Amino acid sequence: MMIEKIRIFAGTALAALLSMTAAGQADTISYADAVTTLAKECGSDIKKFCNGQNLGNGRIQACLEKNASKVSPSCTSTLGSVMTSIAQRQEAQASVFKVCQHDISQYCNGIKGDGNILACLVETKRVDNKECNQAIADAGWR
């Protein structure tokens with residue numbers, strides 16, 4: 001009886017740990033996917049409230065936020081998740097060289113230029129630093 005309780009507790013603790021690990025990982029999307037998602041989920045709201053406006057340079061977000069009280073809840077939710085994902089991607093892209101410094105010195109030593117170093121990191125299968133691999137994935141480069 002006691003062993004069965006320990007097994008149930010251990011299983012519950014493992015499930016909670018796995019869900020926390022998955023929640024800690026960023027889920028980033030590309031700009032193209034962001035535009036596609038926003039067009040799908042917010043297209044009617046954009047037509048209704050932002051018609052005739054030049055929507056580049058963050059104007060879609062500004063227009064939808066300006067009309068937040070009238071925009072559909074699904075669009076508001078989608079806009080929030082898309083903007084969070086884009087911010088996470090930008091943050092990952094800015095931090096890859098810092099997070100992967102050890103792997104750069106170990107596997108890409110002597111390679112010059114950020115683009116060549118990045119290509120080395122992305123192509124090498126030897127990068128075993130979990131944080132570096134996650135940063136590369138979150139940046140959208142692997």
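**Disulfide links in the chain**

With the bonded cysteines counted along the chain, the disulfides follow the pattern 1-4, 2-3, 5-8, 6-7. The model shown is a predicted one, and it holds 4 disulfides under a cut-off of 2.5 Å between cysteine sulfur atoms. A disulfide is a covalent bond between the sulfur atoms of two cysteines.

Cysteine 42 is joined to cysteine 75, with an S to S distance of 2.2 Å. This pair links distant parts of the chain, since cysteine 42 belongs to helix H2 (residues 31-50) and cysteine 75 to helix H4 (residues 73-99), 33 residues apart. The torsion about their S-S bond is about 110°, so the disulfide of cysteine 42 and cysteine 75 is right-handed. Cysteine 42 counts as buried because its relative accessibility is 0%; cysteine 75, at 1%, counts as buried as well.

The link of cysteine 50 and cysteine 63 is left-handed, with -105° about the S-S bond, and both cysteines are buried.

A further disulfide connects cysteine 108 and cysteine 120, at 2.0 Å from S to S. Cysteine 108 sits in the loop between helix H5 (101-107) and helix H6 (114-123), while cysteine 120 is in helix H6, so that distant parts of the chain, 12 residues apart, are linked. The torsion about the S-S bond of cysteine 108 and cysteine 120 is about -90°, and the disulfide is therefore left-handed. Cysteine 108 and cysteine 120 are both buried.

Conventions: Residues numbered from 1 in each chain as written. Predicted model: local features only at pLDDT ≥ 70, side-chain atom pairs only at ≥ 80, totals over all residues. Heavy atoms only, no water. Helix = DSSP H or I, 4+ residues; strand = E, 2+ residues; numbered from the N terminus. Buried < 20%, exposed > 50% of the residue type's maximum accessible area, 1.4 Å probe, protein only.
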